[in-house]
Amino acid sequence: MFGFHNIRGGPNSVNLLCLVLLGAYTLLKLWLVADVELGKDEAVYWYWGQHLDASYALLPLAVFKLAHALLPHQEWFLRLPSALLGAFSTALVYWLCRMQGLAERLALWAATAFALSHWTWHTSSYLHPDGFFVPCWLLALCMARQAEATNAPRLYIYTGLAAGLAVLCKYSGALLVVGLGLWIALGQQGRERWHRLAAFLLPAFAVAAPLIYAQFSTDFYLPQTLSTLSRIDGLGDPLSRLLFFAVSPLFFLSPLLLFLLYGGLVRATKQRDLLALPPALCTIAAFLLFALSRGQIKGNWILPGLLSLWPVAFAAQPRRWLLVAVVATGLLQALVIGLGLKYPGLYSDLAVRSGLDKSYVGLVSEEDRVREPSYSWSERLCEYSGWRRFAANVEEVLPPLPLLSTQYSIPFALAYYGRVEREYYTVDDPRFRDLTDFYGQRKAPYPAAVLFAVRTGGTVPKSLRATYPRRELIAEIDRRRVGCPSVSYQIFRLGR
């Protein structure tokens with residue numbers, strides 16, 4: 001695979017078993033997502049991939065577009081690249097750990113803990129930019145470790161290429177470029193510093209050029225519109241934001257694994273590990289600034305920065321019971337959520353009795369509650385259910401007019417599951433200004449009549465009421481799944 005070596009045996013003795021386990025790991029994830037419909041964010045990524053541009057997540061969206069073209073409307077095939085990249089990422093973690101001197105068994109523990117964490121499991125099972133971002137980040141770190149060992153110029157070029165791919169997966173890939181640039185600047189001297197820095201930066205910028213061009217041509221509009229994403233309104237004071245920032249990765253990692261990784265940060269600081277620290281500190285510092293200034297906090301934003309600390313964390317040689325506990329708690333967390341998305345009815349009774357179920361709304365900003373109205377954790381689990389039947393019910397009663405909504409799950413899910421040709425638009429959601437915004441994408445004259453869909457209790461926005469003063473409720477349709485709370489949607493015909 002990467003020339004993995006078993007210290008006590010032949011050079012390939014560990015590879016066959018590892019490949020078998022990675023294959024089983026991938027098949028298990030594919031089984032868990034089989035027959036699970038697209039969630040609202042997955043539907044966005046699919047739709048964006050069909051109308052591809054370079055302004056956001058170009059690499060994953062291009063792969064989603066290709067997968068859909070090869071085998072249309074097969075969710076498992078659309079998710080297959082993510083699952084395969086999850087196995088590849090696990091191999092890269094093992095490789096990175098071995099390159100930093102970890103014994104084979106310890107490197108296998110580290111890779112297993114990574115593979116079975118909920119973060120890795122989920123983002124490499126469903127459509128998510130992290131499923132592509134993480135292997136690119138890890139590949140850049142592996143190339144950088146090899147460059148550190150040999151100082152060969154071509155390895156700095158490979159590091160730059162991988163870092164550029166990370167930028168094409170997610171904006172925060174730029175933090176990796178900055179971190180690795182600092183590693184070169186601090187670790188090299190004289191002319192060699194500038195030669196190595198150029199060998200790294202030029203390929204990185206060349207690969208990321210489509211995204212850079214798209215951002216300058218749009219005045220960085222899209223990154224600015226994400227200022228409300230994952231903002232928690234209830235955390236007003238800096239101390240509360242700091243504490244929640246520190247523990248927010250617990251939504252994606254087990255407490256024991258997070259403990260090891262934070263320990264790795266301390267250990268890397270003491271050792272002055274110039275390759276492990278800058279990517280970690282640049283990422284943590286950037287998102288800490290967002291957390292303290294805007295209240296934007298999400299655990300998986302921080303986690304890529306901890307990837308460089310993974311080998312350092314496990315190099316401390318944790319006791320065997322702790323390693324077993326890290327893997328077991330990670331697997332439990334991943335399976336509980338994975339099974340919950342496949343069989344959401346498993347937790348329905350528990351959700352009803354639990355006072356924590358309604359705590360979900362406290363983690364969503366006021367703006368986003370309008371755009372993605374899920375009001376409980378049980379509803380969040382059920383966002384992957386009922387869309388196919390809902391789309392069929394919609395098409396039975398609605399004329400083929402353009403359909404608009406302020407809630408992005410509706411038009412994007414209907415675009416995927418619907419079979420009637422119609423236009424789909426969003427309203428009052430600046431994130432989709434250049435994709436589906438009704439007023440940004442259409443030119444006057446506007447159609448004489450349109451359909452507006454909203455979750456029951458929602459309202460027609462002022463902008464639409466000004467354009468279409470006449471309003472008629474023509475249908476109220478439920479989205480249902482056994483074991484899930486029924487969600488009702490109203491559909492209005494708007495006219496002049």
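Predicted model: local features only at pLDDT ≥ 70, side-chain atom pairs only at ≥ 80, totals over all residues.
Salt bridges are considered first. The structure contains 14 of them. Side chains of opposite charge can pair when their charged atoms come close. R388 has a relative accessible area of 41% and is partly exposed, whereas E37, with a relative accessible area of 10%, is buried. E37 and R388 also take part in a network of salt bridges that includes E75.

A further salt bridge is found between E379 and R455, with the closest N and O atoms 2.9 Å apart. This pair likewise links distant parts of the chain, for E379 is in helix α20 (residues 377-381) and R455 is in strand β3 (residues 449-455), 76 residues apart. E379 has a relative accessible area of 11% and counts as buried. R455 is buried as well, at 12%. Because buried means under 20% relative accessible area, the value of 11% places E379 in that class, and the value of 12% does so for R455.

In another salt bridge, the side chains of E383 and R380 meet at 2.5 Å, N to O. E383 is buried, with a relative accessible area of 5%. R380, by contrast, is partly exposed at 25% relative accessibility.

The strands are considered next. An open sheet is built from 5 strands in the order β2-β1-β3-β5-β4, and its pairing is mixed. At its edges are β2 (424-426) and β4 (470-479), each of which pairs on one side only. On average, neighbouring strands of the sheet are turned by 25° against each other, direction ignored. Strand β1 (residues 403-405) runs parallel to β2 and is joined to β2 by 3 bridges. Within this pair of strands, L403 of the chain stands opposite Y424 in β2. Helix α21 packs on the sheet, where α21 touches β4 and β5 (487-495); the direction of α21 makes about 145° with that of β4.

W31 is partly exposed, with 45% relative accessibility.

H68 is part of helix α3 (residues 58-70). With a relative accessible area of 11%, H68 is buried. When residues up to four places away in sequence are not counted, H68 touches W46, Q50, H73, L78 and Y416.

Technical notes
Residues numbered from 1 in each chain as written. Heavy atoms only, no water. Buried < 20%, exposed > 50% of the residue type's maximum accessible area, 1.4 Å probe, protein only. Salt bridge = Lys/Arg side-chain N within 4 Å of Asp/Glu carboxyl O. Helix = DSSP H or I, 4+ residues; strand = E, 2+ residues; numbered from the N terminus. Pairing = 2+ DSSP bridges. Axes fitted to C-alpha atoms, helices over the stretch in contact; angles between N-to-C directions. Contact = heavy atoms within 4.5 Å.
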